[in-house]
Structures are given as structure tokens and as C-alpha cells.
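Here is my notebook for a first walk through this model. I wrote down what I looked up, one entry at a time.

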Amino acid sequence: MADPEARLSAREARLERIPQHVGIIMDGNGRWAQARGLPRTAGHQAGAERLREVLQAAMDFGIPILTVYAFSTENWSRPRQEVQAILQIFHRAIATELRQLQEAGIRLKHLGRTEGLAPELVSKIREAEALTANNQRLHLNIAFNYGGRADIVDAVKRIVAKGLPPEAITEQLIAEHLTTAGQPDPDLIIRTAGEMRLSNFLIWQAAYAEFYSTPTLWPDFGREELYQALLAYQRRERRFGGLRPASS
Ligand code: IPE
Ligand code: IPE
Ligand code: MG
């Protein structure tokens, strides 16, 4: 974890309208490595290390909930060796960072399916979730083996298993059966590495999220870029299908 004594600069302190929930699609690890003549796995390692600075910045800016997209249900289609490396980096990161997450007051939650993950990894995730369950400084969701469609399918299965009648099916009921149950929808979704798509990230929850795309590759993303994204967010006008508020 970065220096906990880090202070906000006067400029950063001027941020207003901090989003309650920020999602980040951490993309561009492969391109970052390729640009340096390194194997793609070196990019994934560098990407995992980047998260530390971004977590500290998110806490300093007062963001209560951060969801990071680390591995999608579609990413299994990559070469086996790359997938194995990503799984290993994730496992190692939780194991080595757990104490610091706990000390920093970060609550960790896994979003995604556990099937396909090694039992040791699943128990490490559960251990981390249990240990940090009462932390309040920042709620960190790690979307790993996550897909928005899979999340909706799983929610529907749970609803059907309860034998609920059609009249009981509401947007709220579906939201309550998604893995993000109880959390506000993301206000802002940031995607690094320039792509302009969600790639199956929080597709239900992102219905009215503001989208911010930056060409910066994830291993180069940091505090300043997060600040820029928050600045852009506070200039957006959110209408939720209504009309713009009358100007005073
Ligand atoms: C994001 O970086 C990490 C994962 C999807 C696991 P990529 O590996 O997709 O990097 P690019 O898009 O190939 O540069
Ligand atoms: C999205 O990135 C998934 C994660 C960042 C974990 P991808 O690199 O998998 O997305 P596509 O293939 O470019 O849409
Ligand atoms: Mg990518």
C-alpha cells in the first residue's frame, strides 16, 4: 500500500460530486508488455502492481466502492499458459497483500463464478472476504471469472429456484440476486487502453453509468489519471431519461 500519510493536494481537494461506485476495466496489459518486448505475462504482473497506487488514490479521493475487472468469463479462451499466469498472479496478490488490505481498512469482495478456479484459490478468496468483512474505508470488488451475462443467468437461476411467481419479478428483485446485491450501481466506468466497449462488465448495473475511456494502458494508469476521470465525471450531466434540470 502506498504511503498512508499521503495528503490530497489543494487541487485534488477541489473535487466535488465524488461517484459512490467506480468500475475500472483494467485493459492493455498485453500491449504494455509487447511495447517493451516483454511476454504478455509481464504486463499482467505490472498491472497487478498498479492496483496498489490506484487503491490508495481512490481512498484519498473518497470513493466508497471500487470494482475492478481483472478476468472475464471470456478470457478463458486465451492461451492456457497466459490464463495460468493470470490465475497465479491473482492468487499471489491476494496472499501477499491481504494484511495490507486489512490494515488499510479495505473490504474485499469477489464478483464472479468460482467454478473453474482452483479450490485453494477459492478458499484464499473466502478467507480474504471473511477477514476484511467489517472494513469500511473502501469496498473493493474484484471481478475475476466474471461476466455480466453469467451474473444475470445465475440470478435468474436463483430466482427460479425460489419458485417466485411472474408478478414478483421486478428490476429490484433481479438486482438483489446479482453478485453486487445491496451495492449502488456504478456511477462511473473507466476503461483503459482506448477500447469503447464494456466487454461484458456489469452490463445490468451499468445501465446509466457514465463511461470514461483513456488511451493509457492499465500498467501506466495512476493517481493523476483517476483524478482526470473524476474531473470528467463531475462535468457530465446525468439525466436518467428525464430532462436537464432547469438552470438557476
Ligand atoms: C487486460 O489486459 C487484462 C485481462 C484481460 C486479463 P489485456 O491482456 O487484455 O491486454 P491487451 O488488451 O491485450 O493489451
Ligand atoms: C476486458 O478486457 C476484460 C478485462 C479487462 C478483465 P479484454 O481485453 O478481455 O476485452 P476485449 O476482448 O478487448 O473486448
Ligand atoms: Mg484487452
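How far does a polar side-chain atom of N75 lie from an oxygen atom of ligand 2? I looked it up in this predicted model, and the distance is 2.9 Å.

**Entry on ligand 2**
I went on to the other contacts of ligand 2. A polar side-chain atom of S199 lies 2.6 Å from one of the ligand's oxygen atoms, and for R191 I noted 3.3 Å, again from a polar side-chain atom to an oxygen of ligand 2. I then checked the cover: ligand 2 taken alone exposes 390 Å², and the protein buries 78% of that. The residues around ligand 2 include I25, M26, Y69, F71 and R197.

**Entry on ligand 1**
Next I turned to ligand 1. I found an N or O atom in the side chain of R31 at 2.7 Å from an oxygen atom of this ligand. D27 brings a polar side-chain atom to 2.9 Å from a ligand 1 oxygen, while G30 uses a backbone N or O atom, also at 2.9 Å. On its own, ligand 1 has 380 Å² of accessible area, of which the protein covers 87%. Among the residues around ligand 1 I listed G28, N29, R40, H44 and I86.

**Entry on aromatic rings**
Then I looked for ring pairs and counted nine aromatic pairs. Why is the pair of Y69 and F201 stacked? Their ring centres are 4.7 Å apart and the planes meet at 20°, so the pair counts as stacked, the cut-off being under 30 degrees. This pair joins distant parts of the chain: Y69 belongs to strand β2 (residues 65–72), and F201 sits 132 residues away in the loop between β5 (188–191) and β6 (210–213). Both Y69 and F201 are buried.

I noted another stacked pair, W218 and F221, with 5.3 Å from centre to centre and 20° between the planes. W218 and F221 are buried too. F71, W76, F90 and F144 are linked by ring pairs into a cluster. I also found R17 over the face of Y233, 5.1 Å from the ring centre.

**Entry on confidence**
Last, I checked the scores. The protein chain averages a pLDDT of 95, and 95% of the residues score at least 70. A reminder to myself: where pLDDT is low, predicted coordinates should not be read in detail.

Note on methods:
Residues are numbered from 1 along each chain as its sequence is written. Chains are lettered from A and ligands numbered from 1 in the order in which they are written. This is a predicted model: local features need pLDDT of at least 70, side-chain atom pairs count only at pLDDT 80 or more; totals for chains, interfaces and linings use all residues. Side-chain values use heavy atoms; hydrogens and water are left out. Rings of Phe, Tyr and Trp (its six-membered ring) pair if their centres lie within 6.5 Å; planes under 30 degrees apart count as stacked, over 60 as edge-to-face and the rest as tilted. Helices (H or I, at least four residues) and strands (E, at least two) are DSSP runs, numbered from the N terminus. Buried means under 20% relative accessible area, exposed over 50%, partly exposed in between (1.4 Å probe, protein chains only). A charge sits over a ring if NZ of Lys or CZ of Arg is within 6 Å of the ring centre and within 35 degrees of the ring normal. A residue is near a molecule or strand if one of its heavy atoms lies within 4 Å of it. A polar contact is a pair of N or O atoms within 3.5 Å; within protein, one must be able to donate a hydrogen and the other to accept it, and residues adjacent in sequence count only if both atoms are side-chain atoms. Accessible areas come from the Shrake-Rupley method with a 1.4 Å probe; for residues, only the protein chains shown count as cover. pLDDT is the predictor's confidence in each residue, from 0 to 100.
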